[in-house]
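Okay, everyone, thanks for coming. Let me put this one up and walk you through it.

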2 protein chains.
Amino acid sequence: MERYLFCISFNGSSYFGWQVQKNCVTVQSVVQDAVEAVFGSRINVKACSRTDSGVHANNFYFHMDLNLKISLNRLIFVLNNKLPQDVVLKSVKKVEKNFHARYSVKKKEYIYKIWTGKFKNPFLKGLVLNYFRKIDLKRILKAAKFLVGKHNFSSFCGSGSSVLEKTRTIYLLDAYFEGEMLIFKIVGDGFLYNMVRIIVGTLLEVSEGVLKPEDVKKILEKKDRKFAGRTVKAAGLYLNEVTY
Amino acid sequence: MERYLFCISFNGSSYFGWQVQKNCVTVQSVVQDAVEAVFGSRINVKACSRTDSGVHANNFYFHMDLNLKISLNRLIFVLNNKLPQDVVLKSVKKVEKNFHARYSVKKKEYIYKIWTGKFKNPFLKGLVLNYFRKIDLKRILKAAKFLVGKHNFSSFCGSGSSVLEKTRTIYLLDAYFEGEMLIFKIVGDGFLYNMVRIIVGTLLEVSEGVLKPEDVKKILEKKDRKFAGRTVKAAGLYLNEVTY
């Protein structure tokens, strides 16, 4: 048996997140269905992270132990034939036996897409947050600086999380326009439940004038979710890259 | 009563085309639902054309006679609030009483999108034709030239059409890449049933070597659908613009 690392891209619109759940179609369940169709047995795959219902991924990783008798290119081809159109296998590579898709993660990069065009874009349904107010990018970037670095992110952790240690390091937090699309990019060593969505929601409230940029520093210090801004919807969130 | 011309953009993935049908959700039915919600009565709208199930539009036009008591900007705002996210009203303008969204059309422009990337793009589900064979753009463009001009397009008309006069003029037929997306653009004074989809299917067969570029001229002369290439799927087709 050898260990293989798989990289997929998926449109999460039609899925109840990654993780297998009873009576729900999840990305993991369609991946395991495809693997079963190819190998004849159900193999448990270990993923780089969970994702919420409706969240997307440009690059999402999982590993699997296989006794492979076909080439990796052939494996990619046959698995893609079994996968639905909104889940695509991009690459597979052999890794060390002690490699783990989740525990070997060094950094994760998320992006959050906000459509700011005059009208909704009908071709981006489920893929963006639609937002029609003026964006004050200067205020957003000023506020974002307070979040970069090693902090206790309790104020930016959604309720329902059972994680006890809430210190994380954010290496980069940027916001920029690509045409009419506002993109938030955030790189960190790990993220708490809903953390990216609460950070984006809080930075939008800074843009709106509800919060001052300096308030973000105070919110961090409170270590209490109720002081941060709203949780923006899942649709705009993409796991963009994972560094091992 | 004044006559108004409306321009909408829609993602046709979830609709059984434009035209109202029994027991089907169509773009026309959701538009008329929105109009009814705003004006309190069901108003029949007259469209620039029908579209098939799954076909999209960047700019699609219809007219309606209204006794309007609010500004056009307000009308756009309230109608967009009643429309689903995949149907967007972009503009409304007053036109002459004898203007007709269908009969006043001078030119129509369609585009057809073909995704040629190494892997399917999960975010373009329902929005493109996925195509993994090599594209010979030179052969396509050579063949396309035979279709430009005024011709009897019987060979490029889908069965099930009741139209008798099958002469149409094509002003432009182009094909080009935008990154990994192959785009066909076609402008004409009018199009027969499935005409664009059969033209694209035929040009792909020229690219594949099944047909020679010069065969397209012979196919036109046959005036018989069975000599042209396949009908490509609806998902890649967009009504792009209408000239009045």
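When I say contact, or touching, I mean heavy atoms within 4.5 Å. Bear in mind that this is a predicted model, with local features needing pLDDT of at least 70, side-chain atom pairs counting only at pLDDT 80 or more, and totals for chains, interfaces and linings using all residues. Residues are numbered from 1 along each chain as its sequence is written, chains are lettered from A and ligands numbered from 1 in the order in which they are written, and side-chain values use heavy atoms, leaving out hydrogens and water.

Not counting residues up to four places away in sequence, Phe156(A) touches Leu147(A), Tyr193(A), Asn194(A), Met195(A), Ile198(A), Ile199(A), Thr202(A), Ile219(A), Leu220(A) and Ala228(A).

Now the core. By nonpolar core I mean buried Ala, Val, Leu, Ile, Met, Phe, Trp, Tyr and Cys residues joined through side-chain atoms within 4.5 Å, where buried is under 20% relative accessible area with a 1.4 Å probe, protein chains only. The largest one has 77 residues, and Phe6(A), Ile8(A) and Phe156(A) touch the most other members. Helix H4 of chain A, residues 195-208, gives the largest share, 8 residues. Helices here are DSSP runs of H or I, at least four residues, and strands are E runs of at least two, numbered from the N terminus.

There's also a second, separate core of 75 residues, including Ile8(B) and Phe153(B).

Zooming out, chain A has 5 helices and 10 strands, and 55% of its 244 residues count as buried. Its C-alpha trace spans about 60 × 40 × 30 Å along the principal axes.

How values were computed
Buried means under 20% relative accessible area, exposed over 50%, partly exposed in between (1.4 Å probe, protein chains only).
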